[in-house]
Amino acid sequence: MNRRDLIKGITLFPLVGGSTVSLGHATALPPPERDFFKELGIRVFINAAGTYTFMTASLMPPEVVEAIRVSAKQFAILDEVQDKVGEQIAKLCKAEAAMVTAGCWSALVLGMAGILTGMDDKKVAMLPFLEGSGMKSEVIVQKSHANGYHMALTHTGVKIVTVETSDELRKAVNEKTACLWFLNREAPVGAIKHEEWLSLGKELGIPTMIDIAADVPPVENLWRYNEMGFDLVCISGGKALQGPQSAGVLMGKKQLIAAARLSAPPRSGIARGHKVNKEEIIGMYASLDRYVKLDHTKEWKEWEQKIAVIDTAVKKVKGVKTEVIVPPVANHTPALKITWDPNVTTLTSEALGKQLRTGSPSVEIVSWEEKDSVKVTVFMLKTGETEIVARRLKEELEKATKA
Ligand SMILES: *Cc1c(COP(=O)(O)O)cnc(C)c1O
């Protein structure tokens with residue numbers, strides 16, 4: 001917004017807070033925004049790649065930024081903030097209880113801690129040293145689900161036991177088994193599906209936990225796994241939910257959430273370093289509140305339109321083929337896979353990624369997955385950026401086309 005637009009805006013609308021601003025006083029204009037990225041020499045870019053942590057993942061919408069700004073102005077008792085926000089998030093997600101964590105990884109650690117310690121402060125203080133503690137110490141995971149994020153659980157001291165079939169699972173269960181852990185993203189791969197996992201948990205009397213970190217949309221996934229019967233559900237706050245990137249949610253059974261909080265700030269325990277303060281807790285609530293109210297059908301149509309703009313542009317280049325892909329579970333939003341004939345286009349995927357990155361404006365795409373192919377997603381694009389991405393891709397592909 002330039003100064004003229006700003007003045008135009010002021011004549012039409014009262015500013016937030018209810019007071020109208022007299023045009024006679026230049027001091028009533030907010031100071032120009034300080035551009036820290038420019039000041040510090042940090043590259044900013046158009047994100048046509050997706051919600052990658054290394055790219056700072058997602059941008060918080062104005063409702064969330066506003067929630068953070070307003071919450072920064074008052075003191076509150078941290079436990080009370082968690083209590084009250086937890087109640088509201090639980091309602092939104094149809095869970096018994098909920099708490100805001102420092103991301104999905106943090107939810108995994110805290111959920112696991114809650115299962116192990118229950119409400120016993122002595123046990124809380126013993127983590128992560130389980131030997132001789134009277135606590136259980138093993139978690140069962142399907143082999144195909146054990147691909148990195150399950151390591152969060154081991155921060156509590158538990159050992160991971162992998163199985164492939166329900167027979168193996170039954171054999172692996174013993175008096176030390178604390179939890180059956182499920183990675184939603186790998187549900188299509190593992191032999192044991194949700195329902196069977198849950199019925200095994202029930203039959204054997206072992207709590208179940210599910211990681212659905214990146215698994216909205218669809219919005220219904222916010223409550224689907226609570227309703228299915230998982231004792232604990234963990235999700236990232238800063239992926240498609242566009243909440244604070246350093247927040248997440250642990251939700252599920254009331255006693256387990258209460259127990260998990262014993263290991264979390266303001267208390268000192270294994271998760272003292274997983275601090276989320278009132279701004280992020282309230283920001284997380286504001287983002288969920290916004291997300292459940294969003295017109296998801298309209299949003300999906302907008303994504304398809306953006307994909308179409310890029311698709312139309314790049315397909316004009318000789319030898320270029322495209323395909324719209326929608327990942328079935330995690331990051332379930334439309335993406336465009338762009339592939340070229342290496343005999344026609346003399347370009348590597350990495351080189352195209354670099355050209356876009358170092359161009360003006362800088363654009364990030366997924367250029368590291370396959371040879372002679374890149375991928376773009378559109379759900380993180382701001383208004384007006386789609387056309388730039390389409391133009392830049394077309395330009396670079398054309399430049400590399402043999403005559
Ligand atoms: C992103 C992700 C996590 C970690 O989430 P954070 O919110 O970054 O802590 C855990 N599990 C899966 C499957 C993820 O995709």
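Biologist: Which polar backbone atom is 3.0 Å from an oxygen atom of the ligand?

Modeller: A polar contact is a pair of N or O atoms within 3.5 Å; within protein, one must be able to donate a hydrogen and the other to accept it, and residues adjacent in sequence count only if both atoms are side-chain atoms. In this case the backbone atom belongs to W105. This is a predicted model, where local features need pLDDT of at least 70 and side-chain atom pairs count only at pLDDT 80 or more, while totals for chains, interfaces and linings use all residues. Residues are numbered from 1 along each chain as its sequence is written, and side-chain values use heavy atoms, with hydrogens and water left out.

Biologist: Which side chain has a polar atom 2.7 Å from a nitrogen atom of the ligand?

Modeller: That side chain is D211. For K239, an N or O atom of the side chain is 2.9 Å from an oxygen atom of the ligand. The ligand taken alone exposes 380 Å², and the protein buries 85% of that (Shrake-Rupley method, 1.4 Å probe).

Biologist: Which residues are around the ligand?

Modeller: A residue counts as near if one of its heavy atoms lies within 4 Å of the molecule. Here they are G103, C104, W105, Y149, L183, D211, A213, S236 and K239. By class, five are nonpolar, two polar and two charged. Ala, Val, Leu, Ile, Met, Phe, Trp, Tyr, Cys and Pro count as nonpolar, Asp, Glu, Lys and Arg as charged, and the others, Gly among them, as polar.

Biologist: How many residues line the largest pocket?

Modeller: The lining has 27 residues, and F37, V44, T56, L59 and K382 lie nearest the centre. The lining divides into 15 nonpolar, six polar and six charged residues.

Biologist: Which peptide bond ending at P266 is cis?

Modeller: The bond from P265 to P266 is cis, with omega near 15 degrees.

Definitions and conventions. 1 Å grid on protein atoms, 1.4 Å probe; cavity = no way out; pocket = protein on both sides within 12 Å on 5 of 7 lines; lining within 4 Å.
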